[in-house]
Amino acid sequence: MDSMGLARITIAWALFGTLAGSDLPARAAQPSPPLRIELWADRDDDDADGHPDGEQALLAPPTYIDLVPIVRRLAGAAMEVLSGAEHARLVSSLGKPLPWGRMFPGSGWFQGLSPGRVELAAQVDGIRTRVVIDVRGLDVRDGEGRLVDMGRSHASLERTPPSRIEGEVLAPYEDFDALRVLLSIPENGSGPPSDHEISVESVNASGARLDTIASLALSPAPCAAPYEAMGCWSSAPLRFVIDDVDRNHPLVVERSLKAALGGAIVLRHAGRKAQMIRVLGPRSSPAGPIARLRGTIRPLVVRITQGGAPSVGGTGSGAVEALRSELAVASAVWGQCGITFGDPRSFDVKLVDPPPSHLVAIGDDLGIPARGGEIRLRADGKSILVTTLAGETADRVAVHVARAVERVGLVAIVSANARIGPGLGPSVDVSLRRRDGTLVAVDSERGQRLSTDPTLSVRIGSVDLSDGLEHFSDLDAMAGTLEERTLVKALDDGDPATIEVIVVPLFAGGGRIGESFIASDLSSVRNVVLLDRAGIRARRSSLTLAHELGHVLMDMPGHPDDYGVDTPTLLMDSDAADASPYGPRRISLEECARVVRQAGPKARLPMLVEWPIGPIPYEAR
């Protein structure tokens, strides 16, 4: 049996001097003190199969942590069930539950099933011995007083700001995510008052401890169910939060615990595991329960110049650490919706140079058709000539340019942009590359105009981060600026289900610290977040990266306060900046549901996949 077996066994064997010298009948006449065994009702799900361990027909090794070995003296002894058989069961050494019979097995375990008392009579060394099994219970209850099944359901991360809990011990409360712990112990039990003490700890998915409440404050309360002959106690509602900002607020510091998506809240007695409940997404939402979803991010830090310093962090290692830390915060924030981006330590942050001027924009901005003329380009030492005809649209001319590029042995990638607000039609970009995929710098022929067409605009994109990245306005947000497209299309992996997070030194003109490109704009640039170093520095007050990821995941161009009530505690608020627990860090159930519908596994473009949980390797005590 694992040293983590959760109950202690108290054997009150009286040692009388007469036993050694008397015969068996004389010893049998002596009253034997009871053998007491303490269990916890095993209603959690240690093997992560979605079913309470106490209901399983065959127990897997991860569930053995909650079993108590059969005392050696009872092995093979005759027994008789006197009462309460429904509260516990025997389990063989192979994990197979056994019915109560006339004899204890030679080896195996006891498993608690429900709070109550089991009484047995056993013949031990010829002495009829009373065996008392006290099965204690731990339940969790939500703000509406409903029991939360620890095996089939889960806890969730806090989505509301700190608030005071008032009223009686079991008074309802509005915090959807907070849970009360209820303790049930058989009346007139054998244990001392210290047996009412429960500690609470949170662990991550790897079993590492994150936070602890050393002694949970409990008050006498009605039992969670109509248990017979039980005494019951209840805690205040416990909040499971993502960081110290929430954890240490004076209103809730005594009942808050840092937790992580995919981890667990573990209830312990005398240092040993009693029960646990996993931490996943909301238990209910307009899109149904949300467990754990995972998104894929490609994190990139752009150097300010070719081979120069990174946009953030000062050094290469500093840049990697800065972006990993920012991604860890964003992932923790989105844990409110059951969403994670994986282990921050596993993020492959890449440092990249600004791209060459590889992009030719046809019909840039207004998308006015051609009236006729010539486009002259030079790439990789080769001249490229394209003739435009009156009435040709930008997409048609882009095809001509691509064919001309291919005729000189290069590769052209054509991508259409969304039409901007004042535009007549969409613009189309042509990216020039060598056959090995490397970008090719494009220029106009020396001494020649880039285009002689009087209406069809043709521009070559370039990226110069020394004065900041030119950012979009409300009029061209759906397509992005030419400089943004030149940068993003050079770094895009071609997978729309992957979210690119690109860090630049700053945005030109000031006032902007993050931008995002979403799928519903129907542009070739989509599911991309641009972040500057000011956005990273504003981590705790604005949570810029988490906010911009919200636009991508919800496929939402605006903000809730653009057309509704200003709620500065919401992550997606447009202008809130506050590093306290009342700042922009909360995500509503409706927003969580929108993410599932727009980006979840059943979405038109799924950016999130289901990530099932596995058993937790609990740290031994």
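**Close-up views of pockets, a cavity and a surface patch**

**View 1. Lining of the second largest pocket.** Strand 32 (514–517) and helix 9 (544–554) each contribute at least two residues to the lining of the second largest pocket. The model shown here and in the other views is predicted. Helix 9 makes the greatest contribution to this lining, with four residues. In total, 29 residues line the second largest pocket, and those nearest its centre are Gly 514, His 547, Glu 548, His 551 and His 559. The space in this pocket amounts to about 690 Å³. Sorted by class, its lining comprises 11 nonpolar, 10 polar and eight charged residues.

**View 2. The largest pocket and the elements that line it.** The largest pocket holds about 860 Å³ of space. Its lining consists of 27 residues, and Asn 204, Leu 210, Ala 260, Leu 261 and Pro 344 are the closest to the centre of the pocket. At least two lining residues come from each of helix 4 (316–334) and strand 22 (339–340). Helix 4 provides the largest share of the lining, namely five residues. The class composition of the lining of the largest pocket is 13 nonpolar, seven polar and seven charged residues.

**View 3. The largest cavity.** The largest cavity contains about 50 Å³ of space. Its lining is formed by Val 140, Leu 179, Val 181, Leu 238, Phe 240, Ile 265, Leu 267 and Ile 277. By class, these lining residues are eight nonpolar, no polar and no charged.

**View 4. A nonpolar patch on the surface.** Leu 366, Ile 368 and Leu 424 make up a nonpolar surface patch, and their accessible area together is about 270 Å². Within this group, Leu 366 is located in the loop that runs between strand 24 (359–362) and strand 25 (373–379). Leu 366 is classed as partly exposed because its relative accessibility is 38%, and partly exposed denotes the range between under 20% for buried and over 50% for exposed.

How values were computed. Residues numbered from 1 in each chain as written. Predicted model: local features only at pLDDT ≥ 70, side-chain atom pairs only at ≥ 80, totals over all residues. Heavy atoms only, no water. Patch = residues over 30% accessible without salt bridge, like charges linked within 9 Å, V, L, I, M, F, W, Y side chains within 5 Å. Areas by Shrake-Rupley, 256 points an atom, 1.4 Å probe, with all protein chains shown as cover. Salt bridge = Lys/Arg side-chain N within 4 Å of Asp/Glu carboxyl O. Buried < 20%, exposed > 50% of the residue type's maximum accessible area, 1.4 Å probe, protein only. 1 Å grid on protein atoms, 1.4 Å probe; cavity = no way out; pocket = protein on both sides within 12 Å on 5 of 7 lines; lining within 4 Å. Points joined across faces, edges and corners; volume = space filled by probe spheres on them. Nonpolar A, V, L, I, M, F, W, Y, C, P; charged D, E, K, R; others polar.
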